[in-house]
Amino acid sequence: MQVICTGSRLLNPIEAASFERSEKIQRKMGLHYPKETNLHFPINNTTFFYFCYMNILTPTADGSNTLFNDEIGEHYHSAHGALQESRHVFIEAGLKHGLEKFGKTEIDILEVGFGTGLNFLLSCAQTEEVNKKLNYHAVEAFPLPLASLTATGYHQYVSPNIWNSFIEKYDTAFDNSAEILPNCKLAISHTTLQNFSTQKRFDILYYDAFSVRHQPELWTNEIIAQACSFLKNGGIFVTYAITGNLKRALKSCGFQIEKLPGAPGKREMLRGLKTI
Ligand SMILES: C[S@@+](CC[C@H](N)C(=O)[O-])C[C@H]1O[C@@H](n2cnc3c(N)ncnc32)[C@H](O)[C@@H]1O
């Protein structure tokens, strides 16, 4: 197991309490952090802590790695298989479906929650394979450091051309659109979805936020409506999750809903078609 520290700051008392909860989760999961990376101590007899956030690289059931986000208390991908989930939900049900449906030579994708970039890497490989052009825009509130990306082992799933260019241009993708391949551009907005805005409209929306249990603010009717406003008419919304609330939120934005078989470990997933 590898531990990656992504920054540290002072916690307020509420966060300190949640930190204690997260320690319990760690113990339950049998995770043991090296002491020196887990800096927490009382200051001035208060209950404040300095806490070093960590993303813990951990294998999933299909052998691919994911990160466990210590602050949120959730993995970046399904523990049943990070690679399987990404392929099943975003590549098969999202990208391949969209390429077939639209029949265009160029496709515009928006992703909410760029994280490790796995969905992007597989999308880039897929569009290259079928000789289509990809314009990929992602929104990410807490970008991972390059060291976290290189530690994932995701180079195994794409060509060296894609991987090397991705690693070389990851940082610049935050400022400008970066050309990962001649037919594949990547831009990442370092902001929350709540604060994100663009005039561009997209063919496919990969909605890959943490779960409603851990990040309910990313699954409200308002935020789903905001995210869907960035889709073109006829555009596709795709996510690993499915809840009654999400279905209602999408229907009220004029979407036709499809329940599809979920990735391993999940019975169902959701795809929506924007009809207005
Ligand atoms: C489930 S992970 C995404 C996994 C990612 N697609 C991948 O392949 O690694 C959720 C991501 O959403 C990001 N995030 C959390 N809150 C956010 C917000 N308010 N707006 C945008 N991104 C957010 C997290 O930092 C994290 O990278």
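A residue is buried if 20 or more other C-beta atoms lie within 10 Å of its own, exposed if 12 or fewer, and partly exposed in between, with C-beta atoms placed from the backbone. Helices (H or I, at least four residues) and strands (E, at least two) are DSSP runs, numbered from the N terminus.

The model is predicted: local features need pLDDT of at least 70, side-chain atom pairs count only at pLDDT 80 or more, and totals for chains, interfaces and linings use all residues. Residue numbers start from 1 along each chain as its sequence is written.

**Exercise 1. Sort the residues of helix H7 into a buried and an exposed side.**

Step 1. Pick out the buried residues. In H7 they are Leu246, Ala249 and Leu250.

Step 2. Check their directions. They share one side of H7 because they cover an arc of only 95° around the axis. The arc is that of the directions from the helix axis to the C-beta atoms.

Step 3. Turn to the other side of H7. Gly244, Lys251 and Ser252 are exposed there.

Step 4. Find what the buried residues pack against. Their partners are helix H6 (221-228), E10, E11 and E12. Contact here puts the C-beta atoms of two residues, placed from the backbone, within 7 Å.

Step 5. Look just past the helix. Gly254 follows H7 and has a positive phi, near 85°.

**Exercise 2. Classify Glu268, Asn135, Asn131 and Thr191 as buried, partly exposed or exposed.**

Step 1. Start with Glu268, in strand E12. It counts as exposed because it has 12 C-beta neighbours inside 10 Å. Beyond four places in sequence, Glu268 touches Ile242, Lys259, Leu260, Pro261 and Gly262. Ala241 is 27 residues away from Glu268 in sequence, but 7.5 Å away from C-alpha to C-alpha.

Step 2. Move to Asn135, in strand E6. Its 19 C-beta neighbours inside 10 Å make Asn135 partly exposed. Setting aside residues up to four places away, Asn135 touches Glu106, Asp108 and Lys185. Asn135 and Phe202 are 67 residues apart in sequence and 9.2 Å apart between C-alpha atoms.

Step 3. Go to Asn131, in the loop between helix H3 (118-129) and E6. Asn131 counts as exposed, with 8 C-beta neighbours inside 10 Å. Its phi is positive, about 60°, although Asn131 is not a glycine.

Step 4. Finish with Thr191, in the loop between E8 and strand E9 (202-207). With 12 C-beta neighbours inside 10 Å, Thr191 counts as exposed. Outside four places in sequence, Thr191 is in contact with Val139, Ala141 and Phe196.

**Exercise 3. Describe the residues around the ligand.**

Step 1. Of the 20 residues around the ligand, Gly113, Gly115, Thr116, Ala141 and Thr192 come nearest. A residue is near a molecule or strand if its C-beta atom, placed from the backbone, lies within 6 Å of it.

Step 2. Sort the shell by type. It holds 11 nonpolar, 7 polar and 2 charged residues. Ala, Val, Leu, Ile, Met, Phe, Trp, Tyr, Cys and Pro count as nonpolar; Asp, Glu, Lys and Arg as charged; the others, Gly among them, as polar.
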